Amino acid sequence: MDKQKILKGKWILVVDDEEDILQLVYELLEMCKIDTASSYEEAKELLEKNQYHLAILDIMGVRGYDLLEIASKRDIPALMLTAHALTKEDLRKSVEKGAAFYVPKDEINNIPVYAADVLEARAKKQNSWAKWYERLSGFCDRRFGKDWKDQDPDFWDHIIKY
């Protein structure tokens, strides 16, 4: 499916405490309607008021996990975007708290692809983590070591199945 078509006109909330990140994501997703927030309070208000197609949430600096909880309760899929919380533990925590995707800021230029993956999986009622694994497991192998899933294979096998 064409990523541009999937994203065109979608309403997305982007939350990060770094203005340059907000600007970059805004530009990368120019085919979407974008709201931005640079604080937890601002993002909380927007999440509680609007029914977004997707929320892109930084983890550090804006209480991303608290925002993820709000998004999950409102059935808004969330893509976690992080530089500092780039650990196996934060990846797992994102999964367990209901995130639809987990993206290192090193991969930010591919955010349109990942956002489309989430929206496409949701539209087809599929598991977005299977697509995440296909796209980002190599990054995790390099970052965490090739055995990163082996410490809890039942969890990961369950999460990444199609």
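## Nonpolar core

Leu29 and Ile56 touch the most other members of the largest nonpolar core, which has 63 residues. Such a core is a set of buried Ala, Val, Leu, Ile, Met, Phe, Trp, Tyr and Cys residues joined through side-chain atoms within 4.5 Å. Buried means under 20% relative accessible area (1.4 Å probe, protein chains only).

Leaving out residues up to four places away in sequence, Ile56 touches Ile12, Leu13, Val14, Val15, Val25, Leu29, Leu79, Leu81 and Ile111. Contact means heavy atoms within 4.5 Å.

## Basis of the model

This is a predicted model, where local features need pLDDT of at least 70 and side-chain atom pairs count only at pLDDT 80 or more, while totals for chains, interfaces and linings use all residues. Residues are numbered from 1 along each chain as its sequence is written, and side-chain values use heavy atoms, without hydrogens and water.

## Fold and dimensions

The protein has eight helices and five strands. Both are DSSP runs numbered from the N terminus: helices are H or I with at least four residues, strands E with at least two. Their order from the N terminus is α-β-α-β-α-β-α-β-α-β-α-α-α.

The C-alpha atoms fill a box of roughly 40 × 35 × 30 Å along the principal axes. Of the 162 residues, 51% are buried.

## Lysine 149

Lys149 sits in the loop between helix H7 (128–144) and helix H8 (153–159). Lys149 is buried but has no salt bridge; that term requires a side-chain nitrogen of Lys or Arg within 4 Å of a carboxyl oxygen of Asp or Glu. The nearest side chain of opposite charge is Asp141, 5.0 Å away. Not counting residues up to four places away in sequence, Lys149 touches Tyr133, Trp156 and Ile160.

Definitions and conventions: Buried means under 20% relative accessible area, exposed over 50%, partly exposed in between (1.4 Å probe, protein chains only). Lys and Arg count as positive and Asp and Glu as negative; His and the chain ends are not counted.
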